Amino acid sequence: MSQVFHEIEKKIIISLKDNPKQTMEKLEKSTNLSSDQIRRGVEWLKLKELANVVESTTSIFSLGKNGLEAFEKGLPERRLLNLLKDGPKTMQDLQKELGSIFGPAMGLARKNNWIETNEKISLKHSPIELPGEKTLKKIGNGKQPKNEIDVVDLSSLLKRPDFLIEDVQKSKEISLTDHAKSIELSESIGAIDVEAEVPQIFAARTHPLKDTIDEIREIFVTLGFSEIVGSMSQSSFWNFDALFTPQDHPARELQDTFYLDGISAKKIGTPEQIKNVSASHKKNWRYLWDINEARKMVLRTHTTCVTIKHLAETKPDEARVFSVGRVFRNEKVSYKHLVEFNQIEGVVVGKNATLRDLMGIQREFYKRIGITKIKFWPTFFPYTEPSLQTMVYNDRLGKWVELFGMGIFRPEVTKPLGINKPVLAWGGGIERIAMLKYGLDDVREFYNNNLNWLRSVNKCQ
């Protein structure tokens, strides 16, 4: 089968046939390809054993500070010899004329026996060309590669500080192998390898967890709910106190909650709300409520703080609202627990709202998301009474698993905030729903960035 070449490879082969040895830079100019295209094309040819690549290093020299001064005014020893051409001079006169270069100039002149020292310093011999002068003229204000400079003359300046700057540059010389030289490109231009594998293309897509969040949001919107949003940092007042969670409850300890160090909320509610919540805690929990505890800022442990604050501010006669967002728990990471995760939380306010209505809403939601086997178990939550736990059947595991918690807000929650209608509430982790949808046993899989799994997940479940 004839060999098939990319257009980049063809251009490089043709150029190297005309000019057998070229650097990467020369290939850029001769082929009109970019440096990245040349690099890729050479690698392709190298893998096909059609190109030889020889790497080499070259030293490029330019003049340093002292070298530029010597180029413009002459080497220190040359300037000394020029001064002595007019006749002997005292050391003091020479020092005054030459300044800081007097010492080095005298040292070299004595070493090479160009001068003699008596009462005055006089000239014995002045060479036509001093060591280093040829290199200074060669480099000048530009740059010169080492192989174009006299090595012996160059060495005399290398020992002198700040005379030369050396830049070591690496280069690659490309040539064709004997086999590549014999290839006739005209025969292979039209050839098509019908057995070649096509490249895999992975189109951009949203994350499966994001798809689940969007699906849940769409379901509640179509059920007539409105979405509300709130800050991920909340005062303990709205995260705990307003929800009738006592200030000595284990959930409020550092082991379970992330507190924002050194930050306290200045305003946590209206004076009436603070007074009523405080009175409710004192009466029902029988302890001295501390406003400083309520001011402590936390990363919200649930999104219920967003909905209860919304209800306290609006006091609606009727409402259907939900909140979707990230929440934080100071828990040990495991196959079913994360330090931060996404939660869906919703409430319904209405004069005749009942627990049966809440179960009906939940059944409809699960039906639309594809979960049909559900049941409700009585349970306990600090801020709802009665309270239920939703259980769904996992066919793959062959057992019932807990999902959402729900119930009716206790009067101890609603009355201090001026909410006089029954409030149906529910909430739960979105990752657990996503695990059921995608058949995962470990919640961490959503955050492992496993591209093989992400690319294999069906877009439509």
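## Ser387 and its surroundings

A polar contact of 2.5 Å joins the side chains of Ser387 and Thr384, and that's a handy spot to start looking around this predicted model. Ser387 sits in strand β14. With a relative accessible area of 4%, Ser387 is buried.

Who else is around? Setting aside neighbours within four places in sequence, Ser387 is in contact with Trp377, Pro378, Thr379, Phe380, Phe381, Met406 and Gly407.

Nonpolar side chains tend to be buried together in soluble globular proteins. Here, the largest nonpolar core has 40 residues, and the members that touch the most others are Phe220, Phe365, Trp426 and Phe446. There's also a second, separate core of 30 residues, with Tyr383, Val413, Leu417 and Val423 among them.

Back in the largest core, take Phe446. Not counting residues up to four places away in sequence, Phe446 touches His207, Leu209, Glu431, Ala434, Met435, Tyr438, Leu440 and Trp453.

## Strand β11 and its partners

Strands of a sheet pair through backbone hydrogen bonds, either parallel or antiparallel. Strand β11 takes in residues 319-328 and is mostly covered, with eight of its 10 residues buried. In the parallel sense, β11 pairs with strand β7 (residues 226-227) over two bridges. Ser226 is the residue standing opposite Val321 of β11.

Strand β12 (residues 340-349) pairs with β11 too, this time in the antiparallel sense and over 10 bridges. If you want a residue pair to click on, Phe328 has Glu340 of β12 as its bridge partner.

β1 is joined to strand β6 (residues 164-176) by two bridges, and the two run antiparallel. Within that pairing, Gln22 stands opposite Ile174 of β6.

## Asp167 on strand β6

β6 is also the place of Asp167. Is Asp167 buried, exposed or partly exposed? Its relative accessibility is 35%, so Asp167 counts as partly exposed.

The side chain of Asp167 makes a polar contact of 3.1 Å with that of Gln169. Not counting residues up to four places away in sequence, Asp167 touches Thr58, Ser59 and Ile60.

## Salt bridges

How many salt bridges does a search of the whole structure find? The count comes to 22. One of these is between Arg160 and Glu77, whose closest N and O atoms are 3.0 Å apart. Arg160 lies in the loop between α9 (151-158) and β6, while Glu77 lies in helix α5 (residues 76-84), so the pair ties together parts that are 83 residues apart in sequence. Arg160 counts as buried at 17% relative accessibility, and Glu77 is buried as well, with a relative accessible area of 2%.

Asp395 and Lys373 also meet through their side chains, in a salt bridge of 3.2 Å, N to O. That pair links distant parts of the chain, 22 residues apart: Asp395 is in the loop between β14 (384-394) and β15 (399-409), and Lys373 is in the loop between α17 (355-369) and β13 (374-378). Asp395 counts as exposed at 56% relative accessibility, whereas Lys373, at 41%, counts as partly exposed. Elsewhere, the side chains of Arg410 and Glu412 form a salt bridge of 3.3 Å, N to O. Arg410 counts as buried, since its relative accessibility is 18% and the cut-off for buried is under 20%. Finally, there's a network of salt bridges linking Lys210, Asp214, Arg217 and Glu227.

Note on methods: Residues numbered from 1 in each chain as written. Predicted model: local features only at pLDDT ≥ 70, side-chain atom pairs only at ≥ 80, totals over all residues. Heavy atoms only, no water. Core = buried A, V, L, I, M, F, W, Y, C linked by side-chain atoms within 4.5 Å. Buried < 20%, exposed > 50% of the residue type's maximum accessible area, 1.4 Å probe, protein only. Contact = heavy atoms within 4.5 Å. Helix = DSSP H or I, 4+ residues; strand = E, 2+ residues; numbered from the N terminus. Pairing = 2+ DSSP bridges. Salt bridge = Lys/Arg side-chain N within 4 Å of Asp/Glu carboxyl O. Polar contact = N/O pair within 3.5 Å; in protein donor to acceptor, adjacent residues only side chain to side chain.
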